[in-house]
Amino acid sequence: MRFLGGYPEAVLEQVRAVQAQGGLGRLLRSRYAAPHGLRTDRALHGFVTELKAEHMRRAPPLDKVLYDSKLQVVQHALGLHTQVARVQGSRLKASREIRIASVFKDAPLDFLRMIAVHELAHLKEREHDRAFYQLCESMEPRYHQLEFDVRLYLTHLEATGERLWSGEDGLVRSQAQPA
């Protein structure tokens, strides 16, 4: 339960009980029926750019937004916001990128939105402090619930290895179910 560290013991007991009955997957599927359709980096860039335009008009522009298969969810990196300074002639140019773990290509739109909001909030707030989380909540009022559900999904993935959604057909069939 490493993805749920920091939550109260009562919550962890509830999660353990549901997980013991094999119900985490069912619970998440009942809350989030289908994956998003944003399969390409270009579509992801458009989605994040729209969120930024809606909530953070004055924030600096993003140069890249893409899925990154090298981001390790195991190391708690669901997304990454980087700012790289490069010298171009006599000027200093800043490049801002958002990278989102590829495992979220086949996730519900709400999960992707939560991660995008989190990374966009880093454009204004570097640290995970009160101001940071208030900004996240202003962009996505259900931010904390979505973050918890993403953590539940990662717990499910770690325990079973079963992906719950697929971009091609909506749901991935469990290996135990006949095709």
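Leaving aside neighbours within four places in sequence, His156 is in contact (heavy atoms within 4.5 Å) with Leu24, Gly25, Gly161, Glu162 and Leu164. The structure is a predicted model, in which local features need pLDDT of at least 70 and side-chain atom pairs count only at pLDDT 80 or more, whereas totals for chains, interfaces and linings use all residues. Residues are numbered from 1 along each chain as its sequence is written, and side-chain values use heavy atoms, with hydrogens and water left out.

His156 belongs to helix H6 (residues 143–160). Helices (H or I, at least four residues) and strands (E, at least two) are DSSP runs, numbered from the N terminus. Because its relative accessibility is 6%, His156 counts as buried; buried means under 20% relative accessible area, exposed over 50%, and partly exposed in between (1.4 Å probe, protein chains only). Between the C-alpha atoms of His156 and Gly22 the separation is 9.1 Å, although the two residues are 134 residues apart along the chain.

The protein chain as a whole contains six helices and five strands, arranged along the sequence in the pattern α-α-α-β-β-β-α-α-α-β-β. Of its 179 residues, 41% count as buried. Among contacts between residues at least 6 apart in sequence, 64% join residues at least 24 apart.

Strand E1 (residues 64–68) is mostly covered, with four of its five residues buried. E1 pairs with strand E3 (residues 91–101) in the parallel sense over five bridges, pairing being assigned if DSSP finds at least two bridges between two strands. Within this arrangement, Tyr67 stands opposite Ile100 in E3. In a regular strand the side chains alternate between the two faces of the sheet.

Asp68 is also found in strand E1 and counts as buried because its relative accessibility is 12%. A polar atom of the Asp68 side chain lies 2.8 Å from the backbone nitrogen of Lys70. Apart from neighbours within four places in sequence, Asp68 is in contact with Arg99, Ile100, Ala101 and Ser102.

Gln134 is located in helix H5 (residues 130–139). With a relative accessibility of 47%, Gln134 counts as partly exposed. Gln134 and Ala121 are 13 residues apart in sequence, and their C-alpha atoms are 9.4 Å apart in space.

Technical notes: A polar contact is a pair of N or O atoms within 3.5 Å; within protein, one must be able to donate a hydrogen and the other to accept it, and residues adjacent in sequence count only if both atoms are side-chain atoms.
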